Amino acid sequence: MNLKYPIGKFETPDQISKEKITEWIRDLEELPAKISDLVLDFTEEQLETSYRPDGWTARQVIHHIHDSHHNGYIRFKWALTEDKPLIKAYFEDRWAELFDTKTAPIHLSLNLITALHAKWVFFLKGLSEENLQKVFIHPEGNIEITLAEDIGIYAWHGNHHLAHLKIIADQKV
């Protein structure tokens with residue numbers, strides 16, 4: 001198993017169908033409960049365990065999911081209210097080393113992920129076909145990303161880190 005990419009890397013389908021959008025939104029809707037159910041009984045030792053050598057701890061992964069998805073939600077708002085906005089990227093590796101990410105109780109981010117995803121999913125379900133084609137520009141490579149594609153990216157991202165947490169859950173710590 002590839003510990004860095006246990007579910008593989010995200011690949012954008014040639015055509016993004018309505019069914020695929022629905023599937024991705026369902027993944028985002030189910031993610032908070034899946035994470036919470038998985039880590040509910042994690043010990044402090046498991047929270048401080050990395051899913052791979054030089055990887056983040058479970059605690060860092062949980063806080064990272066909130067940080068990343070919070071940024072993602074804002075990117076959707078920018079894309080719908082501005083013309084091809086250049087988004088603000090962030091140094092996720094540096095954020096993962098901040099005091100709160102390394103030490104805060106996980107329920108803080110679990111609660112935020114639950115609330116954020118509830119609102120984000122409500123928002124995503126209201127997007128029109130035209131909205132889904134709106135784009136933002138990611139500064140790394142100056143790449144245009146449609147909102148349809150970005151739904152898939154974040155659905156993958158959540159499942160990617162859920163798989164990391166499953167690796168820790170399956171370890172004998």
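**Close-up 1. Arginine 59, a buried residue with salt-bridge partners.** In this predicted model, arginine 59 counts as buried, at 4% relative accessibility. Its side chain meets that of glutamate 48 in a salt bridge, 2.7 Å from N to O. Arginine 59 sits in helix α3 and glutamate 48 in the loop between α2 and α3, so this contact ties together parts that are eleven residues apart in sequence. Glutamate 48 is partly exposed, at 41%. Salt bridges with shared partners make one network of Glu44, Glu48 and Arg59. Glutamate 44 counts as exposed, with 52% relative accessibility.

**Close-up 2. Helix α3, end to end.** Here's a helix of 24 residues that reaches 35 Å from first C-alpha to last, close to the 34 Å expected. Of those 24 residues, 18 are buried, so α3 is largely enclosed by the rest of the structure.

Close-up 3. Lysine 125 pairs up with glutamate 29, and their closest N and O atoms are 3.5 Å apart. The lysine belongs to α6 (residues 106–125) and the glutamate to α1 (residues 18–39), so the pair ties together parts 96 residues apart in sequence. Lysine 125 is exposed, at 53% relative accessible area, while glutamate 29 is partly exposed, at 42%.

**Close-up 4. The β1–β2 hairpin.** Strands β1 and β2 run antiparallel, joined by four bridges; histidine 138, for instance, has isoleucine 143 as its bridge partner in β2. Four residues lie between the strands, and glycine 141 in the turn has a positive phi of about 95°. Along β1, Val135 and Ile137 point one way, Phe136 and His138 the other, and all are buried.

Notes
Residues numbered from 1 in each chain as written. Predicted model: local features only at pLDDT ≥ 70, side-chain atom pairs only at ≥ 80, totals over all residues. Heavy atoms only, no water. Buried < 20%, exposed > 50% of the residue type's maximum accessible area, 1.4 Å probe, protein only. Helix = DSSP H or I, 4+ residues; strand = E, 2+ residues; numbered from the N terminus. Pairing = 2+ DSSP bridges. Expected span 1.5 Å × (residues − 1). Salt bridge = Lys/Arg side-chain N within 4 Å of Asp/Glu carboxyl O.
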